[in-house]
Amino acid sequence: MSNPYRSLPYRPFAELLDLSGKTAVVTGGSSGIGFAISRRLAEAGANVLIGSLAPEHSEQLMAAGHTVAFEVTDVRRPQDIQRLADTAVQRFGGLDIWINNAGIYPLKAIDDIDAAFWDDLNAINTRAVFLGAQAAQRQMRKQKSGGAIVNLSSICGHRPMTNHCTYDTSKGAVLAMTRSMAKDLSAFNIRVNSVSPGLTATPGNLDPELLEQHRQNNVLDNIALGRAAEPWEIADAVLYLVSPLSSYVTGTDLLVDGGWLLHGS
Ligand SMILES: NC(=O)c1ccc[n+]([C@@H]2O[C@H](COP(=O)([O-])OP(=O)(O)OC[C@H]3O[C@@H](n4cnc5c(N)ncnc54)[C@H](O)[C@@H]3O)[C@@H](O)[C@H]2O)c1
């Protein structure tokens, strides 16, 4: 009798992290975690289109011989997001991977949060995540070859940090959005997952107010592994989630926090 549950042939080890022939878009991919993601995906053989406010470190990847392009993109502008998707197709002939990485994390006490601050942050941290995934899945569905979308959430989507109410809310929304999209897009073999970094050594974390808050809260003492993550350690989790290695993973969040959540503060 044939086995109704077996659907995929065995995949050789060498193919598990191979992204040759795939095209990936990384928002905010020219600095910090996004740059590390762009580099990893390019190292795995993907064509990478970086969409960010400025090229920052993008040229390093081009100089290293990777197939990487840059497009000025402000993810607050819906038309920029659609143009980014269109450019990927025009330049590389398709779109297989979309990483919603661009995000901001300004501190603000509850009493000082107004509607404009709330809307500005969410235009980047939540609305652009939706619009990016929406544009990506349109193209992926046209291609009929599946796809992978990864959204950057945060440990703050799992537990609060002082003066981060708007940010914490936005990252919680990313977790819920990821699950919801994964459900709707699974019929097209488009996998949607999120990565939640803990404290990561990026330019965005060098804000003096944030550094002082981390110092006052003895953050490093509360991280089980006793250190911040390097951006490439977050990128490796993203690589897993877009590669054949995770072909049966969708609608999940990968927490990469060095054990910070274990301490709860
Ligand atoms: N660094 C951390 O400790 C940490 C922890 C948890 C989650 N995260 C999340 O990871 C992601 C990356 O964080 P990071 O620390 O690398 O940030 P970063 O500030 O170091 O870099 C962010 C990048 O996004 C770009 N960007 C900002 N606004 C943009 C916009 N409107 N349009 C297009 N690009 C824009 C910036 O130019 C920059 O290249 C964010 O979503 C952040 O919330 C970071």
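**Close-up views of a predicted model**

**View 1. A seven-stranded open sheet.** Seven strands make up an open sheet with parallel pairing, in the order β3-β2-β1-β4-β5-β6-β7. β3 (68-72) and β7 (253-256) stand at the edges with a single partner strand each, so one side of each has no neighbour in the sheet. From one strand to the next, the twist averages 15°. Strands pair here if DSSP finds at least two bridges between them. Helices (H or I, at least four residues) and strands (E, at least two) are DSSP runs, numbered from the N terminus. This is a predicted model: local features need pLDDT of at least 70, side-chain atom pairs count only at pLDDT 80 or more, and totals for chains, interfaces and linings use all residues. Residues are numbered from 1 along each chain as its sequence is written.

**View 2. Strand β4 and its two partners.** β4 covers residues 97-100 and β5 residues 147-152; the two run parallel, joined by four bridges. Ile 97 faces Ala 148 of β5 across this pairing. Ile 99 stands opposite Val 150 in β5. Strand β1 (residues 23-27) also pairs with β4 in the parallel sense, over three bridges. There, Ala 24 stands opposite Ile 97. β4 is covered on both faces: Ile 97 and Ile 99 on one side, Trp 98 and Asn 100 on the other, are all buried. Buried means that 20 or more other C-beta atoms lie within 10 Å of the residue's own; exposed means 12 or fewer, and partly exposed lies in between, with C-beta atoms placed from the backbone.

View 3. Helix α5 (residues 165-185) lies across β5, β6 (190-197) and β7. α5 runs at about 165° to β6. Helix α8 (residues 231-242) lies across β4, β5, β6 and β7, and also runs at about 165° to β6. Axes are lines fitted to C-alpha atoms, for helices over the stretch in contact; angles run from 0 to 180 degrees between N-to-C directions. Contact means that the C-beta atoms of two residues, placed from the backbone, lie within 7 Å.

**View 4. Val 242 in helix α8.** Val 242 belongs to helix α8. Val 242 counts as buried because it has 27 C-beta neighbours inside 10 Å. Leaving aside residues up to four places away in sequence, Val 242 touches Ile 97, Ala 148 and Val 150. Asp 96 lies 146 residues from Val 242 in sequence, yet their C-alpha atoms are 9.1 Å apart in space.

**View 5. The nonpolar cores.** The largest nonpolar core has 54 residues. Val 25, Leu 41, Val 48, Ile 99 and Val 238 have the most contacts inside it. Leu 41 touches Leu 19, Ala 24, Ala 46, Val 48, Ile 97 and Leu 239, not counting residues up to four places away in sequence. A second, separate core has six residues, among them Leu 121, Cys 156, Tyr 167 and Ile 223. A nonpolar core is a set of buried Ala, Val, Leu, Ile, Met, Phe, Trp, Tyr and Cys residues joined through C-beta atoms within 7 Å.

**View 6. The shell around the ligand.** The shell has 30 residues around the ligand; Gly 28, Gly 32, Gly 103, Thr 202 and Gly 204 come nearest. A residue is near a molecule or strand if its C-beta atom, placed from the backbone, lies within 6 Å of it. Twelve shell residues are nonpolar, 15 polar and three charged. Ala, Val, Leu, Ile, Met, Phe, Trp, Tyr, Cys and Pro count as nonpolar, Asp, Glu, Lys and Arg as charged, and the others, Gly among them, as polar. Helix α1 (residues 32-43) gives the most to the shell, with three residues.

**View 7. Gly 32 in helix α1.** Gly 32 sits in helix α1. Gly 32 counts as buried, with 22 C-beta neighbours inside 10 Å. Gly 32 touches Thr 202, Pro 203, Gly 204 and Pro 231, not counting residues up to four places away in sequence. Trp 232 is 200 residues away along the chain, with 9.1 Å between its C-alpha atom and that of Gly 32.

**View 8. Two asparagines with positive phi.** Asn 163 is in the loop between β5 and α5. Its phi is near 60°, a positive value in a residue other than glycine. Asn 163 has 18 C-beta neighbours inside 10 Å and so counts as partly exposed. Asn 189 lies in the loop between α5 and β6. The phi of Asn 189 is near 55°, again positive in a residue other than glycine. Asn 189 counts as partly exposed, with 15 C-beta neighbours inside 10 Å.
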